[in-house]
Amino acid sequence: MVEEADDAATIPHRSDGITSRQYIVYSPTFQVPVLYFTVHDSHGTPLCLGDLIQTSLFKPDSLPPSEITSFGLSPESSPFPMLSQGDHPTLGTPCWYLHPCETPKAVGEIMAEIQRPEWTQAEYLTQWLRTWFAVLSGVVDLRP
Amino acid sequence: MSTYGARHAPSAFSTPASIALFRRLTWEGTVPLEVRVDPKELPANSNRGLECYFLQAPRVSYLPLLIPEIRSYLLDVVFDEAGGRVVKEEEWWFEREDGGLVKWHWPIGLIYDTHAVSLSASASAPSSSSSAPVPLKLTLHLASPPTDKLLLQPSAEACKQAFMGQLKEADFIRWGNTKRMTGLRKQDQDGLWDGIKEHDFDAYWRIASKITPTPAPLSGGRSPSPSPVPPSSASMVHTRPPDRDAASAVRSVPARIYLPDGPVLQDLVPPGAVRTLGDFLRAHLPLLFPLDRPDRKPLAYALVQGVRCPGDAEMAWLGACMAGADGWVNVCVGVEGA
């Protein structure tokens with residue numbers, strides 16, 4: 001099984017002075033990794049959603065046309081939000097997270113194309129995780 | 001002469017009448033709350049000494065839904081006109097007696113039960129056989145919510161979104177997909193939340209019965225299936241013939257374990273391996289719920305909707321009859337007194 005990994009990265013942005021913490025946590029419900037993150041300004045105040053998606057954490061124009069409220073981002077095509085707030089599964093602190101229900105399908109499609117029969121279980125899982133990062137980076141920019 | 005073959009008697013707890021009864025009992029459960037405004041934050045000229053509001057709150061409801069009621073009281077009785085005008089509900093937040101922050105997106109029953117079990121683990125735990133439930137004392141702060149520790153804005157809309165998210169997760173855990181939730185019309189999805197807002201059992205369950213499994217009428221581990229949906233053109237998207245769902249077992253029961261002051265435990269537990277609450281607790285906490293202690297006092301107990309549940313309660317039944325309105329069976333583990 002894919003192992004749970006907690007990864008906290010602080011990215012100070014020189015001009016705006018914002019801090020982002022990012023965590024990759026295994027969702028016990030959906031059984032896939034999920035990106036949880038927080039974004040604060042230099043005073044420690046969390047950014048509102050409208051400002052958050054303008055930061056360099058998100059790739060410009062990568063988000064679908066969506067309704068944005070103070071507490072969530074919901075694509076017009078979907079009844080459910082893509083980005084909303086929730087408790088970090090192990091820390092219990094409030095974070096934003098990208099909803100993972102589309103993840104297995106997106107990653108599965110790519111894996112079906114690239115999978116090789118001679119892979120060991122470990123190789124398969126590593127490649128799954130690489131593919132997951134690739135899918136994620138369609139929306140989120142994780143480069144330092 | 002006819003003889004009756006050996007047959008399991010239908011479990012008394014799984015008749016439609018019994019299911020409806022326990023769902024109703026769960027829905028009507030309430031807990032006492034004592035909400036006191038932080039005296040340091042009262043606007044000038046407030047009626048000091050009266051800033052405490054007592055209410056019996058539904059377990060399945062949420063704090064943001066109680067705010068209008070609390071606000072009305074404060075405006076009528078405590079604040080003067082000027083005070084009432086400066087009050088901003090979006091800055092309100094709740095703190096427990098022990099200084100802990102209240103997660104306003106948790107069902108009220110869960111907030112109460114987690115508090116109760118955290119008391120059980122403290123040195124000054126009251127005797128477990130106290131008769132009347134003790135009010136949960138909450139301090140209402142009117143400003144400066146600690147935004148690093150609390151979700152932004154305890155608005156009813158944000159709470160609704162969190163609630164929908166929990167329902168979707170519960171759906172996924174049961175069936176491996178969220179088709180039943182996404183298959184509901186927007187009107188029905190909103191109707192679930194409206195049912196909670198209005199505290200209307202029938203309005204809520206009219207829709208929830210489309211997505212919640214019912215336990216099988218015969219005892220003996222038959223797979224739960226959703227209760228039959230009355231034929232209606234509106235529900236064609238997600239109506240399934242009951243036998244198709246009976247054939248494929250519910251994958252798992254959405255359940256979480258809350259330890260006193262501890263983390264929230266959640267793991268996928270297949271129904272085959274875990275049938276009863278006892279199995280479930282032993283799988284996660286074998287030291288607290290050991291199998292072979294017949295002659296010794298139990299170390300811990302489990303609360304579901306405030307009720308101490310026996311170990312032989314079936315998880316599938318709990319999931320169908322005593323889950324919260326968000327679909328989850330929240331098991332709060334408390335420590336038995338010495």
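Guide: Gln305(B) is buried, with a relative accessible area of 16%, where buried means under 20% relative accessible area, exposed means over 50% and partly exposed lies in between, using a 1.4 Å probe and protein chains only. The model is a predicted one, in which local features need pLDDT of at least 70 and side-chain atom pairs count only at pLDDT 80 or more, while totals for chains, interfaces and linings use all residues. Residues are numbered from 1 along each chain as its sequence is written, chains are lettered from A and ligands numbered from 1 in the order in which they are written, and side-chain values use heavy atoms, with hydrogens and water left out.

Gln305(B) has a positive phi of about 50° although it is not a glycine, and it sits in the loop between β9 (300-304) and β10 (307-308) of chain B. Helices (H or I, at least four residues) and strands (E, at least two) are DSSP runs, numbered from the N terminus. Ser144(B) also has a positive phi of about 50° without being a glycine, and its place is the loop between β4 (136-141) and α5 (156-175) of chain B. Ser144(B), however, is exposed, with a relative accessible area of 57%.

Elsewhere in chain B, 4 strands form an open sheet in the order β2-β1-β4-β3, with mixed pairing; two strands pair if DSSP finds at least two bridges between them. The edge strands of this sheet are β2 (52-58) and β3 (93-96) of chain B, each of which pairs on one side only. Strand β1 (residues 30-37) of chain B pairs with β2(B) in the antiparallel sense over 7 bridges, and within this pairing Pro32(B) stands opposite Gln56(B) in β2(B).

In chain A, strand β2 (residues 33-40) is mostly covered, since 8 of its 8 residues are buried. In a regular strand the side chains alternate between the two faces of the sheet. In β2(A), Pro33(A), Leu35(A), Phe37(A) and Val39(A) point one way, while Val34(A), Tyr36(A), Thr38(A) and His40(A) point the other way, and all are buried. Strand β1 (residues 19-26) of chain A pairs with β2(A) in the antiparallel sense over 8 bridges, and Arg21(A) has Thr38(A) as its bridge partner in β2(A). The hairpin of β1(A) and β2(A) has 6 residues between the strands, and there Gln31(A) takes a positive phi near 55°. β2(A) also pairs with strand β6 (residues 94-98) of chain A, in the antiparallel sense over 2 bridges, with Tyr36(A) opposite Tyr97(A) in β6(A).

Finally, helix α2 (residues 103-114) of chain A and helix α3 (residues 121-136) of chain A pack at an angle of about 120°, with their axes 9 Å apart. Axes are lines fitted to C-alpha atoms, for helices over the stretch in contact, and angles run from 0 to 180 degrees between N-to-C directions. The helices α2(A) and α3(A) are therefore oblique to each other, as angles under 35 degrees count as roughly parallel, over 145 as roughly antiparallel, 65 to 115 as roughly perpendicular and the rest as oblique.
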